[in-house]
Amino acid sequence: GAYADRVFKRWRTWLLTQSTAASAAAARRSRASPKYAVITGVLLAVTASAISLLLFAGIDGFSGDGLGFDAAALKSLTFGARERPADGADPFGPILKGTALIAACRDKTETLTKVIPTWIELQDVDEIVIVDWSSTLPITLDDLSIPSSLHTPVRIVRVLGEQKWILTRAYNLAARVARREKLLRVDCDHGVRSDFLRRANLPEGAFVCGNWKQARERDQVHLNGLAFMWRRDFWRIGGYDERIQTYGWDDEDLYGRLVEAGSKRIALDYSTALHIAHSNTNRAQEGVRFVEVEIDFNHLLLTNLTSWLSVPASRYRVANVYNSVLVVRTEKEL
């Protein structure tokens, strides 16, 4: 029945993820031992064939149709989060008018399921991109209960092999994959009203974002990271500074650089968004207990560093494209 099919799909996704990770590990060991390389090559070839037949027979396979991407162009592609290819040359496709909602998380499927209904009901959203940053159990569309009648494409970008949550890298990746001229950046515990985009009415040369100083309720402080902005403005300043790899200050640093580049900061209307409450110890970075200390540390860190635009961003290699999921692995970390 439907339940059995969902269990099978989840198991299939998990097995594919694990097999891809195991293949990469075996390849690294092979470089150190030629003898091991021969044995590994034979075993991996047999295993890959068996898994392919089991997992993808009669299923969408690697067509990439659900993504709207050219699977052939993406095969083994290496790309940078901050690249700006020439018009018409981007393998992810052209940038279109409209708004993409982007989100990223790690092991937060339960919270995600509480807010994604608000994303689906969002008026005028053209695309939803979710980065799954190496969750223990990969996020699937089945987990999110996406209705089959939904016309808005929901795309998952699964990153393999990451040992810890790094927000800045995850959201730069989400913005890179998104194909719309405007970005609505939300956390996986942010819900939005169905008329959010219409009420925000983003003007040229401006961005809308949370401001913890103007929060009317304590829980609204956690909406500080919610931002609605032009994609071109986001990339003009290089996106998030990936040198911030722990909790805090990533949002205010981004907003400050947007303002310095000439964008006007507009305060979020807190009646159009909500935050699903949880403790600081339940945040994506394990061990985040002293939030203010983490924020101050990252703030001080950046004051002594050169411009983020002068530093190369992370690079990724495409591992697979299947069932509306793009699977990537870090090629070069900052």
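What follows is a working chat about one predicted model.

Q: Before we start, how are residues numbered, and what pLDDT do local features need?
A: Residues are numbered from 1 along each chain as its sequence is written, and side-chain values use heavy atoms, with hydrogens and water left out. Because this is a predicted model, local features need pLDDT of at least 70 and side-chain atom pairs count only at pLDDT 80 or more, whereas totals for chains, interfaces and linings use all residues.

Q: How many helices and strands are in the chain?
A: The chain has nine helices and 12 strands, where helices (H or I, at least four residues) and strands (E, at least two) are DSSP runs, numbered from the N terminus.

Q: And what share of the residues counts as buried?
A: Of the 334 residues of the chain, 50% count as buried; buried means under 20% relative accessible area, exposed means over 50%, and partly exposed lies in between, with a 1.4 Å probe and protein chains only. As for contacts (heavy atoms within 4.5 Å), residues 24 or more positions apart account for 81% of those in the chain with a separation of 6 or more.

Q: How many disulfides does a search of the whole structure find?
A: The search finds zero disulfides, a disulfide being a pair of cysteine sulfur atoms within 2.5 Å.

Q: Cys105 is in β2, so which strands does β2 pair with?
A: Strand β2 covers residues 96–105, and eight of its 10 residues are buried. Five bridges join β2 to the parallel strand β5, residues 180–185, and seven bridges join β2 to strand β3, residues 125–133, also in the parallel sense; two strands pair if DSSP finds at least two bridges between them. Ile102 stands opposite Arg185 in β5, while the bridge partner of Cys105 in β3 is Asp132.

Q: What lies between β2 and β3, and which hand does the crossover have?
A: The chain passes from β2 through helix α4, residues 109–120, to β3, and this β-α-β crossover is right-handed. Right-handed here means that, with the strands pointing away from the viewer, the path from the first strand over the helix to the second runs clockwise.

Q: What span should α4 have, and what does the model give?
A: At 1.5 Å a residue, the 12 residues of α4 should span 16 Å, which agrees with the 16 Å between its end C-alpha atoms; the expected span is 1.5 Å times one less than the number of residues.

Q: Which elements cover its buried residues?
A: The cover includes β2, β3 and β6, and the buried residues of α4 include Leu112, Val115, Ile116 and Trp119.

Q: Changing topic, where is Asp187, and what does its side chain contact?
A: Asp187 is found in the loop between β5 and β6 (190–192), and its side chain makes a polar contact with the side chain of Arg185 at 2.5 Å. A polar contact is a pair of N or O atoms within 3.5 Å; within protein, one must be able to donate a hydrogen and the other to accept it, and residues adjacent in sequence count only if both atoms are side-chain atoms.

Q: Is Asp187 buried or exposed?
A: Asp187 is buried, with a relative accessible area of 19%, and, not counting residues up to four places away in sequence, Asp187 touches Trp119, Tyr171 and His222.

Q: How about Val328, where does that one sit?
A: Val328 is in strand β12, residues 325–332, and counts as buried at 0% relative accessibility. Val328 and Leu160 are 168 residues apart in sequence and 6.3 Å apart in space, C-alpha to C-alpha.

Q: Last one: which way do the residues of β7 point?
A: In strand β7, residues 206–209, Ala206 and Val208 point one way and Phe207 and Cys209 the other way, and all are buried. Four bridges join β7 to the parallel strand β9, residues 264–267, whereas β7 and strand β8, residues 227–230, pair in the antiparallel sense over two bridges.
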